Each structure stands twice: as structure tokens, then as C-alpha cells.
Amino acid sequence: MQDIRRSLIAKLMAEPACYIGKTVDVKGWVRSRRGNKYVQFVALNDGSSVKSLQIVFDLNKFSEEDLRQVTTGASIHVQGELVESQGKGQTIEVQAESLEVYGTADPDTYPLQKKGHSLEFLRDKAHLRPRTNYFSCVLRIRHALAYAIHKFFNDKGFYYFHTPLITASDCEGAGAQFQVTTLPLDKLPQDKEGAIDYSKDFFGKMASLTVSGQLEGELGATALGCIYTFGPTFRAENSNTPRHLSEFWMIEPEMAFYEIADNMDLAEEFIKYCISYALEHCKDDIEFLAEHFDKELPERLKFVVENDFVRLPYTEGVRILEESGKKFEFPVYWGVDLASEHERYLVEEHFKKPVILTDYPKEIKAFYMKLNDDGKTVRAMDVLFPKIGEIIGGSQREENYDKLCARMEELGLEGMDWYLDTRRFGSVPHSGFGLGFERLVLFVTGMQNIRDVIPFPRYPKNCEY
């Protein structure tokens, strides 16, 4: 082997004119091998692109023994001249001059042979599925979206604020929590009433994994102005739907001095920015997913970016649903928490645009949302998308101490003096929202199941790896 700097396949594909006629150094995994008694063709992929690079092995230079271990799944190191390809399916190829096999893969037992695999089968092989074209595309898009999120907020002057993963509070009663304890489960200490004595636990009180960083995020916003969180959250709901995970990532910006209209403006700008970034930087991956999985994907993404979002009061949305003449699985009436089928009707059939639904009844929303003057609705906002339903949920927060206390007392919420302090000392109008990262990745990739847009999904009865 010559002492040559390795080139990523994505770079060779993007700038072939810079490398044609030169000796290049490539490393990766074998996707397939074919040929005849004169020449062998190997498709090599290094994870940097959905496209594989064709390596040509002249059997006058390489013996069958040399190539015996070059099977699907093996990892190899090749040097050779990059040339224009004369064959169909690729524009460039490498004429191999030297070969090193790093790791072999038994063709009889390697699970990912060159054939179609169902997404259900690949979920059982989550440790290997990133090597498939589908999932390498999804994971590159996931990376690009994560980067875009940080770039968007950084460029707007927001501060990345880390909120705790272990907490003693349940944000808004958002869902069943995973408890965190060091107590011996086979011999739990009890108090005089026979209840578990959490004073003996590590934190001296009952603690859980967080369901949201929002409440702590508000503390950051009322000091730094504008912050965002981006981290894992956990919900122990026994749900097996294609839209729920037990461990997922949330982006939660909180902004001091933002009214509800400012909040909606930011949410629309933010999500359009992320989708535009993916369209620009993940073109090959999106085209591959469109070709093999969802032909409408590119147009659906452009549709969201190019259209203004409709802003619709909940009351008007219910009226539209009631007058639609459509038979829904779940009934529609004022006061109901709209189901995904209702949300998608408004977006996909009635308006044919993304919708921001506002001013929900206070009974179906969280305690911290600002009460409207009618005394019945709150300044909530949900962003509704085609194929997804709700993708963002947010609100203007109640900044009035007395009103917030009254609402908390009404719901029987206690032990949150630290949260109320932001209303006692220098309270300001403020707003925020939450975006489930996996739902964004689901929309941008066109995948149908949320378990297929996170490397190692967590859901009931599944905690592998």
C-alpha cells in the first residue's frame, strides 16, 4: 500500500474531476460482488453517501484466492486509479491496484445479503441495519437535522440550555414516568404508614427520568432571554403505535418577552429552516428514499417550505370538522382533544396546508398555559403537518402569579415553589414550544414508523443493545 490519504466516497462522487486519473485510497464495507472469470466488480460503501463506489478487480492482477474473503459485509481497503466508468449505473470507478481485507463476513450467516429486507426484519437487526441503504439515509438525514437545529438557534442568539434528565417534577402530567431509585427492590424501606420511605433513597425523595425539560427551560429563559433544550426524554406509556417511543429526543425553546404570535412565527420559521436544510444538504438521501419508499416525499417537503401556515382557532377548527360530513372514528365536539385523524383532515383535505391550531379549551391543556380573556380557552398552539398530525405543541406561558396559583390549586398541584418564583420575581410575558425530534425525522424521511428513525428504539418489551 502507498502512503496516500484516504478519500471519502462522498467526496469522490461530489468532485470526480479533481481525482480522475489519480491513485485514490478508499475503505469501506462490501455491499455486493459480481463478475466473470476475467474481472470482478465490488460495490463498496463507507457510510458517507448512499451511493456505493464500484471497485474493479482485474483477475490478471488478483487471484481467486486474493478475493476469496471479499464477500458481502466484509470490510476492505483498496488503492487504485479513479477512472470514468464505461458501465451503466455509475460515473466513476476504481481500477484496483492493491487490496487489504480488514474483516471478513461469512456469506452463509451474514444477515444483510443483497436482497430486499422488510423493515420489521431490520428492527430485529438494529445493530446492523445502519449498513443498509434505507437506514444510512435516515441516519445521515437525522444528523443533518440535528446540526440544523443547533445552527438555527445559535444564529438567532439563543443559548443551548441543559436541563436535568433526573427530576422530582412531572411536567404537566405529561405521561407515566420511569422511576429512578437506588432502594433495594426486594426489600423496600417503609414509613410508619406502610408507604415507601423515599427519605432513604439516593435523592431523599421520589425521582424519575424527565418527560420534558420545559419547566427548567423557563427558568433559563427568564434569565438569559432565549434558550433552547435538545435532549432525551422518557415516557413509560404502554403504547405500541407507529408514532410513540419510550425514549425520544425533544427540542424545547423558551423565550422571554414572546407573545403567542411571536411563538407561532418562530415555530413556522424554525421548522421551515430545518426542512430546507435537509433538502439542500441531503439531496441524494431524500431522492433515494423517494425512489424506493415514498415517491411524493420531495414534493411534500417543498410544499411545507413554500406555503404559509394557516392559523386557525380551535373553535373554528371544530366547526369545520363538524360540518365536513366526514365520518371520523372518534367523535368531534367542542372541548374534545382532537385526534390525529381530525388534525390530518384539516391539513390534508380542507386547507391542504400546514395548520397552526390555537386557543384550545383550558381543560385539555397544561396548567401553565396563559388563560385568554374569555376564561375558557388558553393561548396554546399546535402545528399540524400532513401524514403526521401534531408535530409541535406550545403556548404562551401564564406569567401572572395569582392566576397560575389558582390554576395549580384547581388541579391539586403542589411542591413547585421554585417554578412560581419566576412569577414572584420579575415576571415577564414568555412563550415556548416543544418539537419531538423523531417526528421531524419521520416527516423528512417519509418513513412510516417512528421506530425506524432512531438508531436503537425503546418501546414496551424492547430494550436491546
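Me: What makes a residue count for local features here?
Reply: The model is predicted, so local features need pLDDT of at least 70, side-chain atom pairs count only at pLDDT 80 or more, and totals for chains, interfaces and linings use all residues. Residues are numbered from 1 along each chain as its sequence is written, and side-chain values use heavy atoms, with hydrogens and water left out.

Me: What makes a helix or a strand, and how many does the protein have?
Reply: Helices (H or I, at least four residues) and strands (E, at least two) are DSSP runs, numbered from the N terminus. The protein has 13 helices and 16 strands. Its C-alpha atoms fill a box of roughly 85 × 60 × 45 Å along the principal axes.

Me: Why is Glu 254 called buried?
Reply: Buried means under 20% relative accessible area, exposed means over 50%, and partly exposed is in between (1.4 Å probe, protein chains only). Glu 254 has a relative accessible area of 0%, so it is buried. Arg 397 has 2%, so Arg 397 counts as buried too. Of the 465 residues of the protein, 51% count as buried.

Me: What makes Glu 254 and Arg 397 a salt bridge?
Reply: The rule asks for a side-chain nitrogen of Lys or Arg within 4 Å of a carboxyl oxygen of Asp or Glu. The closest N and O atoms of Glu 254 and Arg 397 are 2.5 Å apart, so the pair qualifies. This pair links distant parts of the chain: Glu 254 is in strand β11 (residues 247-256) and Arg 397 in strand β15 (residues 389-397), 143 residues apart. By this rule the count comes to 33 salt bridges.

Me: How do you know what Glu 218 and Arg 423 tie together?
Reply: Their side chains meet in a salt bridge at 3.0 Å, N to O. Glu 218 lies in helix α5 (residues 214-224) and Arg 423 in helix α12 (residues 417-424), so the pair ties together parts that are 205 residues apart in sequence. Both Glu 218 and Arg 423 are buried.

Me: What separates Asp 155 and Lys 151 along helix α4?
Reply: About one helical turn, because they are four residues apart in helix α4.

Me: Which residues are linked in a network of salt bridges?
Reply: Asp 265, Glu 268, Lys 272, Asp 308 and Arg 311. Asn 307 touches two of these, Glu 268 and Lys 272, and also Lys 353, not counting residues up to four places away in sequence. Contact means heavy atoms within 4.5 Å. Asn 307 lies in the loop between α8 (297-306) and β12 (310-313).

Me: How do you know that Arg 451 has no salt bridge?
Reply: Lys and Arg count as positive and Asp and Glu as negative; His and the chain ends are not counted. For Arg 451, the nearest side chain of opposite charge is Asp 452, 7.7 Å away. That is outside the 4 Å limit, so no salt bridge is called, and yet Arg 451 is buried.

Me: What makes the Arg 451 and Asn 240 pair a polar contact?
Reply: A polar contact is a pair of N or O atoms within 3.5 Å; within protein, one must be able to donate a hydrogen and the other to accept it, and residues adjacent in sequence count only if both atoms are side-chain atoms. The side chains of Arg 451 and Asn 240 make such a contact at 2.9 Å. Arg 451 is found in the segment after α13 (437-445).

Me: Why are β7 and β8 called edges?
Reply: The open sheet of three strands has the order β7-β9-β8, with antiparallel pairing. β7 (166-167) and β8 (179-180) each have a single partner strand, so one side of each is left without a neighbour in the sheet.

Me: How do you know that β7 and β9 pair?
Reply: Two strands pair if DSSP finds at least two bridges between them. β7 and β9 (residues 207-209) have two bridges, in the antiparallel sense, so they pair. In β9, Ser 208 is the bridge partner of Thr 167.

Me: What makes a nonpolar core, and how many residues has the largest?
Reply: A nonpolar core is a set of buried Ala, Val, Leu, Ile, Met, Phe, Trp, Tyr and Cys residues joined through side-chain atoms within 4.5 Å. The largest has 66 residues, and those with the most contacts inside it are Phe 385, Ile 391 and Leu 440. Helix α4 (residues 133-155) gives the most to this core, with eleven residues. Apart from it lies another core of 29 residues, including Leu 312 and Met 408.
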